[in-house]
Amino acid sequence: MRTFILYVRQFRSAFQHRRYSFLSDLSRRQKVSGNWQTSDASKPLHNAGIARYLLPVSMVTRNLVTDSAIVANGVKEVSRAGPLVEYDRRIAEGELVDGDNCQVGTLRELQRLYDDLVMSANACSLDRYAASEKAGRSRWLWSRFIPQSSYSPVKGLYLYGGVGTGKTMLMDLFFNQLPDSWRKRRIHFHDFMLDVHSRLQRHKGVADPLEVVAGEISDEAVLLCLDEFMVTDVADALILNRLFRHLFSNGCILVSTSNRAPDKLYEGGLQRDLFLPFISTLKAEQGFYFIEKDASGLVKQKFQYLIGEHTAVPQEVEVVMGRKLQVPLGANGCAYFPFEDLCDKPLGAADYFGLFKKFHTLALEGVPIFGLHNRSAAYRFVTLVDVMYENKGRLLCTAEGSPLQLFERIVTIADAQNMAPRTSSRSRKNDDFDLCVDNELGFAKDRTISRLTEMNSKEYLEQHAAMLAEKQLSQDDGDEKALQA
């Protein structure tokens, strides 16, 4: 049902855009289209593992009246419809020259984000007036004693492209359509980092000043719009990953523009290897893949969302020759396992096939970095991913690193022979520690990395959702025929 509503909403967005484009054509003056580049692109941003696919989807009617006033919590606001409708309105009134198809595509992503934020404003705690001051003080006091994570259910956006493609204009169009009562902030990236370093100086001597600074920033603004994301300073590069992990853990949503793709950020910079984990955090093909060493609460929260009103209980799955696989928690087609229970025990392909005959989604907690010490678990994980991919299963997991990082210590014999010798015994010890030289596993890891990446892509997850919707429709038809008979 959620998938059907999503398709209806997408169809409505496309129809509205075509309608307003038609109206724009009728009223637009004869102008030469601006010579904006067409290299502008938009990419979804990983928000600490919380994906937009987890959102409860509902219909949102876009108000086309842009100058009517409403009063909410004593604050007078202008009713807004979103960046795509506002873009068409400005073109129709001659305020903007008609843009290119790439800009329109980016605007559709921004409109999608706008709709998601409107639907989830309460869940994201966007409205500064929604919670009482007393409740806010209570949450702050409680958080001092018990560390809490509150990842946003909405994914942000990372927009990148060449100079002059209109990225900043499109982001500002999006930002200005958001309600004034929301906790939002629009700032240039370099100014943002100067503010961060200033705050760090004020909290010098605190055990973890970055955590304190992230707490201050997220209290002030849930939605951060950072313009011109460009990392050139080594001091910035060294703190960005930890800073944004804290921000995302606090529920922050990031929208950013940049001239560079995520993989090109800080290219050639000093100590870039320490910056690479931030790129993994930033990239968004990982809709259900959360890079967190200790995120038990997060994966269980998302698992609970997936099972809905059902109650998860221990279950058994029959496999070959009368064997049974114990499922720690299962409900509504979703199974939950700690990594150790599924990959550190003597299980094989038959067990995994039996699991996916009954369940379509696996929540797997605590996938480790693989090396010599856990080679057997690496073999089982490779088999598990192969079986899951064959059965078009969905993976919700927490891991210590990106798919590439999980297998970086697994090498073939040829790879090991090609490794440059180290002149320092200290560097040799660090580099070769826990290195696993295994041809079979070394050749299989590329396939596993590729499948993990694909299984957490937008396209794969949408296909999975469509498959579930089709199965549900077939089941409903069968139930209806049975009743009629």
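A: Asparagine 374 lies in the loop that runs between strand E12 (361-367) and helix H13 (375-390); helices (H or I, at least four residues) and strands (E, at least two) are DSSP runs, numbered from the N terminus. The model is predicted, so local features need pLDDT of at least 70 and side-chain atom pairs count only at pLDDT 80 or more, while totals for chains, interfaces and linings use all residues. Residues are numbered from 1 along each chain as its sequence is written, and side-chain values use heavy atoms, with hydrogens and water left out.

Because its relative accessibility is 11%, asparagine 374 counts as buried (under 20% relative accessible area; exposed is over 50%, and partly exposed in between, with a 1.4 Å probe and protein chains only). A polar atom of the asparagine 374 side chain lies 2.7 Å from the backbone nitrogen of glycine 371. If neighbours within four places in sequence are set aside, asparagine 374 is in contact (heavy atoms within 4.5 Å) with Pro368 and Ile369.

Lysine 392 belongs to the loop between H13 and strand E13 (394-399). The phi angle of lysine 392 is near 55 degrees, a positive value in a residue other than glycine.

Asparagine 332 also has a positive phi, near 55 degrees, and is likewise a residue other than glycine. The loop that holds asparagine 332 is between strand E10 (324-331) and strand E11 (334-338). With a relative accessibility of 40%, asparagine 332 counts as partly exposed.

Conventions:
Polar contact = N/O pair within 3.5 Å; in protein donor to acceptor, adjacent residues only side chain to side chain.
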